[in-house]
Amino acid sequence: MDNIIKCRPIMDEIQAIFLKNDDWITTLPRKFNIGISGSLSNRCNIFGQDFALALAQKEGIYGFNLYLGGRVGFLAQDADMFVLPSQATAVFVAVASLFKTYGFRDNRNKNRLKFLIDAVGMAEFRDAIEKQLGFAMPSSGETLCASEGGDHYGKIALNDGSFALYAAVPSGVFSGSDLSDAAEVAASANGALRFTIEQNLIITGVRDETNALSSPLFVKYPNRPSPYMANLIACAGTEHCPFGVIPNKPDAIEMGEYLARVVPIQDAKIRLYWSACIKGCGIHGAGDLGFVGCKVPHNGKTVLGVDIFMGGTLSGEGGEGHLLLKGIILEEAKEYIAELMVQYRDHRIGKESLEKFITRLKVRYTNHAIGFVMRWNRLMRLENNVDAMLSFNLKKQGGSHREQDEIFEFGTQIIHGVTGENPYDTDEPLAEEKKSYRHKAPELAEYASILEKMVEPNPLKRSVVFTEIVVELKKLASEQ
Ligand code: SF4
């Protein structure tokens, strides 16, 4: 219902140009991903495509803004061009022809459209599109992509009065007989079977919802899954890809199931995107939380792990996530994420999505601080069984984004939580005598020197960055 422009006819028109056409088959320098979104929601990672037409409005007319040069890790750039639906195919042909003629072919790592645009500049490339078209194009309008992206679970009302039913396919693992079941449900509804970029299924044209939902398909692939499973992406992983570092698909499912058990949440949108190696086919940078397989040194051995990214966005003009935690042992990653989910559950406003929650969180805290809360809380809950958890304070507006301030705030919070007292009675710790709380918090004796350094009255002697505290925590763990 949030679709403004019907894109299927445009897609069909574009496909007809290159399908079974020798002029186009294998003639492009390399892959050329196309996205067209006529919706207020970004359901196809539109800014991650080489050629992207995103819903826009200019002078009261709906059309598309053209974005070019997206690839894993890089969002497509605004080409400053407003395209009417009737012009979409011609603009596609112009851009694809330029890529075919001028795209780099000598270096596989540099032959996506992005590199051609980087070399000539977007303004010049835009001029070349106009020359190909033979007429001038207007500058861009207002991109309309403010709503949440990703799949909707449950049912979606369609314009013809029927419904589209969603089926969650964890990590996209699906067999041939499952496909037959899905096709049967679609055929009996006189509808169609669609695949989403979040590796789920949608069956359109459904009028008898109860009957459709009673099919074996929806027993195996639920229509209303846990939010941790609803928007899950996982690339091929070691089982099917030679580049894979971790199995990936089973790891993503295991984390989703663990989170559903340990931190159940209702009515949430949580996008967990997994890539088994740095090539990033699981578009980890676009996820609320992204995972990339890696190897981690641990107790003299090398074990499987993940780098964890946070803060990819699909709304607005999209945004890439940034590194949150590096080299986390794969088996423990779910426990770290569970700690962030506890914070999300406890601090979300209404039915706030994880994307919006993280956006709010990042206004207040650095990624280092957020990662530290996850690390510390996991350590206290699972390895020490001590109730000395940290909690984000999102009532306070803004944040200094100085790690030293955040360290002091967290040290104070931990000490207060355990002893019932602040380390200092005023905001001027230097003016006060340093208190000793060690005898009041024997359960934290092991961590006393770390905590004391976190709240050291003299800022010159206080811990400056979270990395140094993490090094101390790791040292303590290896001494055990
Ligand atoms: S991200 Fe790496 S492991 Fe996953 S499909 Fe791509 S190349 Fe293969």
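User: How many of the eight residues of β2 are buried?
Analyst: Six of the eight are buried, and β2 is therefore mostly covered. A residue counts as buried if 20 or more other C-beta atoms lie within 10 Å of its own, as exposed if 12 or fewer do, and as partly exposed in between, with C-beta atoms placed from the backbone. Helices (H or I, at least four residues) and strands (E, at least two) are DSSP runs, numbered from the N terminus.

User: What sort of model is this, and how are residues numbered?
Analyst: This is a predicted model, in which local features need pLDDT of at least 70 and side-chain atom pairs count only at pLDDT 80 or more, while totals for chains, interfaces and linings use all residues. Residues are numbered from 1 along each chain as its sequence is written.

User: Back to β2. Which strands pair with β2, and in what sense?
Analyst: β1 and β2 pair in the parallel sense over four bridges. Strand β3 (residues 61-68) runs antiparallel to β2 (residues 51-58), and eight bridges join the two. Strand β5 (residues 142-143) is antiparallel to β2, over two bridges. Two strands are taken to pair if DSSP finds at least two bridges between them.

User: Where is N45, and is it buried or exposed?
Analyst: N45 lies in the loop between β1 (34-37) and β2. N45 is buried, with 24 other C-beta atoms within 10 Å. Its phi is positive, about 45°, although N45 is not a glycine.

User: Where does Q199 sit, and what is its phi?
Analyst: Q199 is in the loop between β8 (193-195) and β9 (201-206). Its phi is near 65°, a positive value in a residue other than glycine. Q199 is buried, with 22 other C-beta atoms within 10 Å.

User: Changing topic: how is the chain divided into domains?
Analyst: There are domain 1 (8-143), domain 2 (155-224), domain 3 (226-357) and domain 4 (365-480). These bounds come from an automatic or database domain assignment. The centres of domain 1 and domain 2, taken over C-alpha atoms, are separated by 31 Å.

User: Now α9. Which of its residues are buried?
Analyst: K249, D251, A252, M255, G256 and L259 are buried in α9. Seen down the helix axis, the buried residues of α9 fall within an arc of 170°, so they line one face of the helix. The arc is that of the directions from the helix axis to the C-beta atoms.

User: What covers those buried residues?
Analyst: The covering elements include α8 (227-230), β10 (231-234), β11 (271-275) and α10 (330-347). Contact here means that the C-beta atoms of two residues, placed from the backbone, lie within 7 Å.

User: Which residues have the most contacts inside the largest nonpolar core?
Analyst: They are A167, I203, L272, I308, A333 and I337, in a core of 88 residues. α10 gives the most to this core, with eight residues. A nonpolar core is a set of buried Ala, Val, Leu, Ile, Met, Phe, Trp, Tyr and Cys residues joined through C-beta atoms within 7 Å.

User: What does A333 touch?
Analyst: Leaving aside neighbours within four places in sequence, A333 is in contact with M255, F291, V306, I308 and I328. Apart from this core lies another, of 35 residues, among them C44, M81, A88 and V91.

User: Why would nonpolar residues gather like that?
Analyst: In soluble globular proteins, nonpolar side chains tend to be buried together.
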